[in-house]
Amino acid sequence: MRAASLVVPLVTLALGVSACGGDGADRDGRDEPRGLVSSTSATGANGASDEPQAAYLAWLEALEAEDAEAACARHAPDLTISLRFEAILLDRAELGDPCTGFVALLWEDPLREFDPLSLETTRATREKATVAASFAAGSETAELVYHRAQWRVLRTEPRLEATEGASSQAPQRWVRAWCDLELGADRERVVEQMGDPSGEYTIDNGGEPQLWWAQDQYDFRAYLDAQGAVLDLVGDYDALGAADREQLDCPELR
């Protein structure tokens, strides 16, 4: 299955330094089904219905308390590395500085919310989990990894929630139209159904011809042959909430 993610990547630096939670790679192992769990529990670790949710809530509570050590203890190595790089650009850190010296960037973010109104686990394996959180002023998706016998926060990203009356170019249009696309359809037909793509690769770009529609947690791709007909359709459902997934009655790969 082709990779279907167009998420802005974490900046990975070969710094050769230690971060809180360790800057090593995730422990080896295959992703095995863990079973999807959803929850609409209130905030607080005791309200979480599964371990990734509890870890995410503990991280938020540490940020709200401005407890640097507790927050850093919940970081996956890559989160500490990317946050250190951001702090270096802001003259808030230097190479080799520990996580506790710059983690304040997270709770100083004016858009950071600490008390989710609801949580939903949209993906869960033995090694990875995705938690969708709704707050009073917005939403975010948190990705967690199981590292050194503990669930740790890898990254968070803002979410776009499905809304009625959304514009014709909004991600909700992509969700509604995606399963109606057909293999063999020409490029013009696909664009007519999905709207203008977010981007496109052609043979001239040196990549595999494709159209993609991506924003926040949404990512849909149509791979084309040399004549512009659809060969494969790939959607990334992992970070989507229940409302979106209920509309997607087709497989992620067609």
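**Exercise 1. Determine what covers the buried residues of helix H3.**

Step 1. The cover of the buried residues of H3 includes helix H4 (104-108) and S5, where contact means heavy atoms within 4.5 Å. Helices (H or I, at least four residues) and strands (E, at least two) are DSSP runs, numbered from the N terminus.

Step 2. The model is predicted: local features need pLDDT of at least 70, side-chain atom pairs count only at pLDDT 80 or more, and totals for chains, interfaces and linings use all residues. Residues are numbered from 1 along each chain as its sequence is written, and side-chain values use heavy atoms, with hydrogens and water left out.

Step 3. The buried residues of H3 are Pro77, Leu79, Thr80, Ile81, Ser82, Leu83, Arg84 and Ala87. Buried means under 20% relative accessible area, exposed over 50%, and partly exposed in between (1.4 Å probe, protein chains only).

Step 4. Helix H3 (residues 77-89) has 13 residues and spans 19 Å from its first C-alpha to its last, close to the 18 Å expected at 1.5 Å a residue. The expected span is 1.5 Å times one less than the number of residues.

**Exercise 2. Describe how the axes of helix H5 and helix H6 cross.**

Step 1. The axes of H5 (residues 171-178) and H6 (residues 187-194) come within 8 Å and cross at roughly 125°. Axes are lines fitted to C-alpha atoms, for helices over the stretch in contact, and angles run from 0 to 180 degrees between N-to-C directions.

Step 2. H5 is therefore oblique to H6; angles under 35 degrees count as roughly parallel, over 145 as roughly antiparallel, 65 to 115 as roughly perpendicular and the rest as oblique.

Step 3. H5 contributes Arg173, Trp174, Ala177 and Trp178 to the contact, and H6 contributes Val191, Glu192, Gln193 and Met194.

Step 4. The residues of this contact divide into five nonpolar, one polar and two charged. Ala, Val, Leu, Ile, Met, Phe, Trp, Tyr, Cys and Pro count as nonpolar, Asp, Glu, Lys and Arg as charged, and the others, Gly among them, as polar.

**Exercise 3. Examine the phi values of Arg148 and Ala149.**

Step 1. Most residues other than glycine have a negative phi.

Step 2. Arg148 has a positive phi near 50°, and Ala149 has one of about 65°.

Step 3. Arg148 lies in the loop between strand S4 (139-146) and strand S5 (151-158), and Ala149 is found in the loop between S4 and S5.

Step 4. Arg148 counts as exposed because its relative accessibility is 54%; Ala149 is exposed at 60%.
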